[in-house]
Amino acid sequence: MKSFTIRTKSVEESRIVCRAGILRTTLVRALADYREVFFFSDRNVWELYGRKIGRAYRNSPVHIMPAGEAHKTPETLFKLLAAMAEAQLHRGACLVCLGGGVVGDVGGLAAALYMRGIDCIQIPTTLLAQVDSSVGGKTAVDFAGVKNLIGAFRQPRYVFADPTFFATLPPREVRCGLGEIVKHGALHAPLFDMLWENRGRLTDGDFLAAIVPENIAFKAEVVRQDADEKGLRKCLNLGHTTAHAFELTDGKLSHGEYVLVGMIFEAELAKKFAGGDAAYLDDLEDLCRIALGSVPALPPAREAARLARLDKKNAVSDEVVLTVPVRKGEYKLLSLGFDVYAAELERIQRALTEGGAAC
Ligand SMILES: NC(=O)c1ccc[n+]([C@@H]2O[C@H](COP(=O)([O-])OP(=O)(O)OC[C@H]3O[C@@H](n4cnc5c(N)ncnc54)[C@H](O)[C@@H]3O)[C@@H](O)[C@H]2O)c1
Ligand SMILES: [Zn+2]
């Protein structure tokens, strides 16, 4: 078992525990502190794991949302809040979110809003949710066609990460989590070495169980230093500007797959514009290709660049700002004019296609 504590100046304490068999042991002990407990999950996850909730809590109220990003909406959030009100939860209650990043984001926001905030326990069941979304206290729903437009920062009381959930995870969801894992590797040299040495078994259950705590420890440290995303935490955007550009254009791959693609493109940009170490960046690109498995088809890069330009988050005047990998464990902020960025994305896409590689 491994555990971490995030304590910052501005947020309440959040404890993260990684171990197998969490539902019957650790969760039951943590819930002993609460007189009222409310469970929130999605249909897929509840069908697989609902009956495994400890005997003492089987009669607690439960609210189940339909699975998937399409339901990460204010409507789902308010249905959950209504169910919590109907159950007459008090301020001392605990909301337990069992599911992937969607359940965690919606449930985390409901816990932040209900009576101005009640305790929340996150039990992430996807690889992405364990290494990324459950750690750090960002909660949100999508609104007005914009992802995560309505949200709040609020740390969960506990995060319980259990690798046995991966046994039922579709391969695509594993690849999705690998996107954020390789991104962490690009920011943290010891993690990169672990990934590189084990590149032949990236999807192996034992390897994932071993690498999850390393990822959580890394993200927890970044959050501890910058919980409100004023500075350091922005490093977690590595690869994401280009990832979002492709994601907005066709949305056929999962977010993590776009992150892997985004890192390949941004590693190429780093070689040309940020003085990046070419040998290391080649290895990083290889790691991304291995994690992607088969070669994904992408929409035209120029269209993606056009959408990146419309994304206000990326734009400072007429430039796109990227967090790019440069050397092992090092990143840089790179600003490129939009025209240069668009032309470069096209050039890289052409080169990758001609080389028979990804994209
Ligand atoms: N809050 C943050 O800091 C943060 C960070 C990254 C991503 N996110 C958010 O996370 C969301 C994506 O999360 P996700 O990738 O976990 O997607 P998800 O929650 O939609 O889960 C993916 C699918 O896997 C199913 N599933 C979950 N656990 C399973 C299991 N153990 N076995 C079988 N099926 C299972 C779900 O029902 C769903 O169909 C996005 O909305 C994204 O914005 C948030
Ligand atoms: Zn991401």
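Tutor: Domain bounds here come from an automatic or database domain assignment. The model is predicted, so local features need pLDDT of at least 70 and side-chain atom pairs count only at pLDDT 80 or more, while totals for chains, interfaces and linings use all residues. Residues are numbered from 1 along each chain as its sequence is written, and side-chain values use heavy atoms, with hydrogens and water left out.

Student: Into which domains is the chain divided, and what distance separates their centres?

Tutor: The division gives domain 1 (2-168) and domain 2 (176-354). Taken over C-alpha atoms, their centres are separated by 27 Å.

Student: How many residues does each domain give to the contact?

Tutor: Contact means heavy atoms within 4.5 Å. Domain 2 gives 24 residues and domain 1 gives 22 residues.

Student: What area is buried between domain 1 and domain 2?

Tutor: Buried area is the accessible area (1.4 Å probe) that two parts lose on being put together, summed over both. Carbon and sulfur atoms give 72% of this area, which totals about 1,900 Å².

Student: How many salt bridges are counted between domain 1 and domain 2?

Tutor: A salt bridge requires a side-chain nitrogen of Lys or Arg within 4 Å of a carboxyl oxygen of Asp or Glu. Lys2 and Glu214 meet through their side chains in a salt bridge, at 3.4 Å from N to O. Between domain 1 and domain 2 the count is 2 salt bridges.

Student: Which element gives the largest share of the side of domain 1 that touches domain 2?

Tutor: Helices (H or I, at least four residues) and strands (E, at least two) are DSSP runs, numbered from the N terminus. Strand S1 (2-6), strand S2 (14-18) and helix H5 (127-133) each give two or more residues to that side. The largest share, 5 residues, comes from H5.

Notes: Chains lettered and ligands numbered in written order.
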